[in-house]
Amino acid sequence: GKTESFLLPIFFALCKEARKWSVAEYSKAPKWWQTKPYSVTNRRNDATESPSRPKAIRALILYPMNALVEDQIVRLRRALDSSEARSFMDSELKGNRFFFGRYTGATPLPGWQNDPAENSPVCPPEFKERLKKKRKLKTDELASWLSRAESTYETARLEDLTGGGEGTGDDSEKRFNFPSVDGSEMLSRWEMQASPPDILITNISMLSTMLVREVESPIFEQTARWLREDPQAYFYLVIDELHLQRGTGGTEVSYLLKAS
């Protein structure tokens, strides 16, 4: 029940805020990785998202190790990506979704989506060309990853429906072990850098790295702007296994969180 004790208040706060958002239409968002040339790398754009919804982290959940991160992601998929959850959000929250994302070393892809050096007037033309080629290779890599993820999830979903999972019908569990590319889970670093998820899950080490890298700064800048500008803004910080943060290591974690 420890997990539910912090997730339920977070969900309640999200529901309360979401009732103020205007209509969203994520079901119409294109699967950009299935078409070339690629034109869209973020589902949360002006065509699909409520303009009254600030893109910011509402809850930061920190775990001491990635194994616990993986377990939490499965719980969130059950809570936010089940057919009941989607039906509720469509009928009660005007189609808006509560987005969550796992930001660890396993999250694709590292580096910039659009390297700032590409638009620099002092950047040599030959280097700009190399950056364009690199971006194309990485975009192809991400598209391939998303296509495989979609295929894996669909296979697990069909097994659940036919009794091949741990249960039958929508009570099955197997599909929640895999990400749904059209659900509430944000799957790539690029997507989260452009539009911070409502719930960000990571570990202490990764958070420390993110805070000193320019590529992740938009995540924290957008969140800080929302907290400054909206008097009703809120922020939940959840630290799992807090009793482990003692001595010198605990002191480092406390300073890290203050810097955040």
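Which residue in S4 is the bridge partner of Phe100? It's Ile199, and that pair is a handy way into this predicted model.

## The sheet

Phe100 belongs to strand S2, residues 100–102. Zoom out and you'll find an open sheet of five strands, running in the order S3-S2-S4-S1-S5 with parallel pairing. Strand S3 (185–186) and S5 sit at the edges with a single partner strand each, so one side of each has no neighbour in the sheet.

In general, the strands of a sheet pair through backbone hydrogen bonds, and the pairing can be parallel or antiparallel.

## Strand S1, well wrapped

Now look at S1, which covers residues 59–63. On one flank, five bridges join S1 to S4, with the two running parallel. Leu60 stands opposite Leu200 of S4 there. S1 also pairs with S5, again in the parallel sense, this time over four bridges. If you want a spot to look at, Ile61 stands opposite Val238 in S5.

So how enclosed is S1? Five of its five residues are buried, so the rest of the structure largely encloses the strand. As a rule, side chains in a regular strand alternate between the two faces of the sheet. In S1, Ala59, Ile61 and Tyr63 are on one side, Leu60 and Leu62 are on the other, and all of them are buried.

Helix H1 takes in residues 2–18, 17 residues in total. From its first C-alpha to its last it reaches 25 Å, close to the 24 Å expected at 1.5 Å a residue. Quite a few of its residues are tucked away: the buried ones include Phe6, Leu7, Ile10, Phe11 and Leu14. An α-helix has 3.6 residues a turn, so residues three or four places apart point the same way.

What do the buried residues of H1 pack against? Their partners come from both helices and strands: helices H2 (66–80), H3 (83–92) and H7 (217–229), plus strands S1, S4 (199–203) and S5 (236–239).

## Salt bridges across the chain

A search of the whole structure turns up 19 salt bridges. One of them links Glu4 to Arg75, with 3.0 Å between the closest N and O atoms. This pair connects distant parts of the chain, since Glu4 is in helix H1 and Arg75 is in helix H2, 71 residues apart. Glu4 is partly exposed, at a relative accessible area of 37%, and Arg75 is partly exposed too, at 28%.

Then there's the salt bridge between the side chains of Arg58 and Asp198, at 3.4 Å from N to O. Arg58 lies in the loop between H1 and S1, and Asp198 in the loop between helix H5 (189–194) and S4, so the pair ties together parts that are 140 residues apart in sequence. Both Arg58 and Asp198 are buried. Next up, Glu185 and Arg77 form a salt bridge whose closest N and O atoms are 2.7 Å apart. Glu185 and Arg77 are both buried. Finally, salt bridges that share partners join Glu17, Arg53, Arg58 and Asp198 into one network.

Most peptide bonds are trans, and most residues other than glycine have a negative phi. A few places here go the other way. The bond joining Lys36 and Pro37 is cis, with omega about -5°, and Pro37 lies in the loop between H1 and S1. The peptide bond from Pro108 to Leu109 is cis as well, with omega near -15°. You'll find Leu109 in the loop between S2 and helix H4 (125–161).

Lys94 has a positive phi, near 55°, despite not being glycine. Lys94 is in the loop between H3 and S2 and counts as partly exposed, at 34% relative accessibility.

## A nonpolar patch outside

Which residues make up the nonpolar patch on the surface? They are Leu227, Phe235 and Leu237, and together they have about 250 Å² of accessible area. Phe235 is in the loop between H7 and S5, and with a relative accessible area of 40% Phe235 is partly exposed.

How values were computed
Residues numbered from 1 in each chain as written. Predicted model: local features only at pLDDT ≥ 70, side-chain atom pairs only at ≥ 80, totals over all residues. Heavy atoms only, no water. Expected span 1.5 Å × (residues − 1). Buried < 20%, exposed > 50% of the residue type's maximum accessible area, 1.4 Å probe, protein only. Contact = heavy atoms within 4.5 Å. Pairing = 2+ DSSP bridges. Patch = residues over 30% accessible without salt bridge, like charges linked within 9 Å, V, L, I, M, F, W, Y side chains within 5 Å. Areas by Shrake-Rupley, 256 points an atom, 1.4 Å probe, with all protein chains shown as cover. Salt bridge = Lys/Arg side-chain N within 4 Å of Asp/Glu carboxyl O.
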